[in-house]
Amino acid sequence: MFVDQVSVYVKAGDGGNGLVAYRREKYVPLGGPAGGDGGNGGDVVFKVDEGLNTLMDLRYNRHFKAKRGENGMSKNQHGKNSAPLVVSVPPGTTVIDEDTEQVIADLTIHGQEAVIAKGGRGGRGNSRFATPRNPAPDFAENGEPGEEKNIKVELKLIADVGLVGFPSVGKSTFLSVVSAAKPKIADYHFTTLAPNLGVVDTADNRSFVLADLPGLIEGAHAGVGLGHQFLRHVERTRVIIHVIDMAGTEGRDPFDDYQKINKELSEYDEKLITRPQIIAANKMDMPDAEENLNQFKEKIGDDIPVYPISALTKEGLRDILFAVADLLETIPKFKPEVEETDETVVYRYQKEDKGFEINRDDDGAFVISGPKIEKLFKMTDFNRDEAVRRFARQMRSMGVDEELRKRGAEDGDTIRILQFEFEFVD
Ligand SMILES: Nc1nc2c(ncn2[C@@H]2O[C@H](COP(=O)(O)OP(=O)(O)OP(=O)(O)O)[C@@H](O)[C@H]2O)c(=O)[nH]1
Ligand SMILES: [Mg+2]
């Protein structure tokens, strides 16, 4: 399998902070709370664009951060939610969480979207905390932090076009001059042992995936040479570029070569011979090539297009690539082999979140950590006593106090959460 892979960091927007405010109206000396909620932070969303066929764009930009939500405003006005950050990816993209190795999304169909990192909820303003016992609360909630993740983005490349021909006719050389691929090139047979893929960009900005396949020889369909296993790959391509050594370098006859390869294809699978072919008459820079080409054209007739090229001097490449791109446009893409995602339920293993963990630092301090407690911490505005008292209550209800006591914490011991320190009071 040919996999294009990129590691990317995504961070969804934090929620905006809730506001502490009070109504100020004429003749109402002590108005009620009126601090609005913060807006939600933007999600990071991946969306399938069938016009793309590589992960090139992600390679150039490996950090994706969505905007945070707006803070809450007075008169109970909500801060604005932030729009999601939408990243376009090609069909066939898989997103994997780098830390947990879990598949987050399998994106196959044009327009399909997946939230890769969820934006934080906006913090609640003080009016939301009003109760009969505390009608004018003096605290609000900070926004929830947006999710952040290191992800691995993978794309299984499927070749649109396959290079087929005898060994040493110049298939790998061709791939190397029309794409960034760097296949091994040498003048002995079976230089190429496994397919190489490259992405071809034509001069008029179209692109397709081209596979350089190991050379075929007579009997390939029956397992002679390396052919058999690679004919499978030919099956999956939509267009075949049939490469012929027009110089007859090894004393072979180009037309004879052409017929033999076609015979191998049809003997492997009859359908292969109906696959559209474009003939690359290669090595036209060599002395006898012109003469051979004329004879070849006479034998083959006008029905099948023949493009004289030289992979070595790069002559004729532009025209053959246009012809391939034109032909591809007339042939529908194969349906992706992946099953339709809207019917597939992805079961994920979720680590049980016990909310917090307690460890001792070298200096004896108790360190409390864990996603849930850290999130509550970040959503607390420590400039306000009431907010701090609320946080203390939340810790107690999670069982933090009890656990600390069990671990031997006593009055005056130092407790640490993230960058914050306080004393244990029993
Ligand atoms: N003169 C000339 N030589 C070429 C041309 N294209 C390829 N060659 C030479 O032909 C030889 C074989 O080229 P490759 O690209 O390795 O051939 P291949 O078809 O990939 O061969 P296998 O991988 O063994 O099937 C090398 O020595 C190339 O330099 C061309 O257009 N003109
Ligand atoms: Mg090769």
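**Aromatic pairs and ring contacts**

Mentor: Ring pairs join Phe377, Phe382, Phe391, Phe420 and Phe422 into a cluster. Keep in mind that this is a predicted model.

Trainee: OK. How many aromatic pairs does the count come to?

Mentor: The count comes to 10 aromatic pairs. Take Phe129 and Phe139: their ring centres are 4.8 Å apart with the planes at 35°, so that pair is tilted.

Trainee: Where do Phe129 and Phe139 sit in the chain?

Mentor: Phe129 is in the loop between strand S7 (113–117) and strand S8 (148–156), and Phe139 is in the loop between S7 and S8 as well, 10 residues apart from Phe129.

Trainee: Buried or exposed, those two?

Mentor: Phe129 and Phe139 are both buried. For another tilted pair, look at Phe255 and Tyr258, at 6.0 Å centre to centre and 35° between the planes.

Trainee: Which helix are Phe255 and Tyr258 in?

Mentor: Both lie in helix H4 (residues 254–268), three residues apart, which is about one turn of the helix.

Trainee: And why do Phe255 and Tyr258 count as buried?

Mentor: Because the cut-off is under 20% relative accessible area: Phe255 has 15% and Tyr258 has 8%.

Trainee: Switching topic, which ring does Arg252 lie over?

Mentor: Arg252 lies over the face of Phe166, 4.4 Å from the ring centre.

Trainee: What about Arg360?

Mentor: Its charged end sits over the ring of Phe366, at 3.9 Å from the centre.

Methods. Residues are numbered from 1 along each chain as its sequence is written. Chains are lettered from A and ligands numbered from 1 in the order in which they are written. This is a predicted model: local features need pLDDT of at least 70, side-chain atom pairs count only at pLDDT 80 or more; totals for chains, interfaces and linings use all residues. Side-chain values use heavy atoms; hydrogens and water are left out. Rings of Phe, Tyr and Trp (its six-membered ring) pair if their centres lie within 6.5 Å; planes under 30 degrees apart count as stacked, over 60 as edge-to-face and the rest as tilted. Helices (H or I, at least four residues) and strands (E, at least two) are DSSP runs, numbered from the N terminus. Buried means under 20% relative accessible area, exposed over 50%, partly exposed in between (1.4 Å probe, protein chains only). A charge sits over a ring if NZ of Lys or CZ of Arg is within 6 Å of the ring centre and within 35 degrees of the ring normal.
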